[in-house]
Amino acid sequence: MTDEINVNHWGVYKAIPMDNEQIWSDLTRIGIDPQERFDKRYRIKAIVGKGLRGFVLGVLDTANNRIKCAIKVISPELSDDQDLHYRITRSVLRCKDLKHKNIVTIWSHSQADNGLWYYTMEYVDGYSLLHIIRDGQCA
């Protein structure tokens with residue numbers, strides 16, 4: 001990897017290391033090369049998480065003055081799920097104009113050149129809800 005992840009800059013000690021072989025294999029399997037820009041525009045800087053529906057990547061948006069943002073990439077196994085696509089589209093359109101300190105701003109959704117669906121959103125530094133619950137900070 002040519003760029004090292006600055007964990008402090010991303011504020012995610014819990015970020016999955018880019019050299020994690022399983023994650024690298026999973027990303028490669030679905031057509032994402034962490035050393036290349038995603039959809040020609042987003043430079044991958046961190047793998048924030050992995051869930052049932054896909055990955056969340058910490059990226060720099062090179063088309064918008066290198067703004068730090070997050071991208072949720074939907075697993076290709078779900079790309080043909082029209083109901084899921086409809087729900088995501090509806091959610092993005094409804095949430096796009098919401099502005100509140102407790103709501104992550106969603107900017108857009110699109111289909112990448114490699115066929116993967118994704119949506120972009122504000123990147124928020126901090127702990128996951130699971131971490132807060134496990135740490136006993138939430139009653």
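These entries record what I looked up in the predicted model above.

**Ground rules.** I number residues from 1 along each chain as its sequence is written, and I leave hydrogens and water out, so that side-chain values rest on heavy atoms. Since the model is predicted, local features need pLDDT of at least 70 and side-chain atom pairs count only at pLDDT 80 or more, while totals for chains, interfaces and linings use all residues.

**Loop between β1 and β2.** I began with the loop between β1 (37-38) and β2 (42-50), where Asp-39 is found; helices (H or I, at least four residues) and strands (E, at least two) are DSSP runs, numbered from the N terminus. Asp-39 has a phi near 55°, a positive value in a residue other than glycine, and Lys-40, which lies in that loop, likewise has a positive phi, near 65°. For accessibility I used relative accessible area, with buried under 20%, exposed over 50% and partly exposed in between (1.4 Å probe, protein chains only). Asp-39 counts as buried because its relative accessibility is 18%, whereas Lys-40, with a relative accessible area of 67%, is exposed.

**Salt bridges.** I then looked up the salt bridges (a side-chain nitrogen of Lys or Arg within 4 Å of a carboxyl oxygen of Asp or Glu) and found that the structure holds 3.

Lys-40 pairs with Asp-113, with the closest N and O atoms 3.4 Å apart. Asp-113 lies in the loop between β5 and β6 and Lys-40 in the loop between β1 and β2, so this pair ties together parts that are 73 residues apart in sequence. Both Asp-113 and Lys-40 are exposed.

Arg-41 forms a salt bridge with Asp-61, the closest N and O atoms being 2.7 Å apart. This pair also links distant parts of the chain, 20 residues apart, with Asp-61 in strand β3 (residues 54-61) and Arg-41 in the loop between β1 and β2. Asp-61 is buried at 5% relative accessibility, and Arg-41 is partly exposed at 29%.

The side chains of Arg-87 and Asp-83 meet at 3.2 Å, N to O, and both residues lie in helix α3, 4 residues apart, about one turn of the helix. Arg-87 is partly exposed at 31%, as is Asp-83 at 46%.

**Ser-75.** I placed Ser-75 in the loop between β4 (67-74) and α3 (82-95), and at 11% relative accessibility this residue counts as buried. Leaving aside neighbours within four places in sequence, Ser-75 is in contact (heavy atoms within 4.5 Å) with Arg-53 and Gly-54.

**Cavities.** A search of the whole structure gave 2 cavities of 30 Å³ or more. A cavity here is a set of points, on a 1 Å grid over the protein atoms alone, where a 1.4 Å probe fits but cannot get out, and lining residues have an atom within 4 Å of a point. Grid points are joined across faces, edges and corners, and a volume is the space filled by probe spheres set on the points.

The largest cavity has a volume of about 40 Å³, and α3 gives the largest share of its lining, 3 residues. Ile-74, Leu-78, Ser-79, Leu-84, His-85, Ile-88 and Trp-117 form that lining.

The second largest cavity holds about 40 Å³ of space and is lined by Ile-74, His-85, Ile-88, His-109, Ser-110, Trp-117, Tyr-118 and Tyr-119. I noted that α3, β5 (106-111) and β6 (117-122) each supply at least two residues of this lining, with the largest share, 3 residues, coming from β6.

Note on methods: On a 1 Å grid over the protein atoms alone, a cavity is a set of points where a 1.4 Å probe fits but cannot get out, and a pocket is an open set with protein on both sides within 12 Å along at least five of seven lines; lining residues have an atom within 4 Å of a point.
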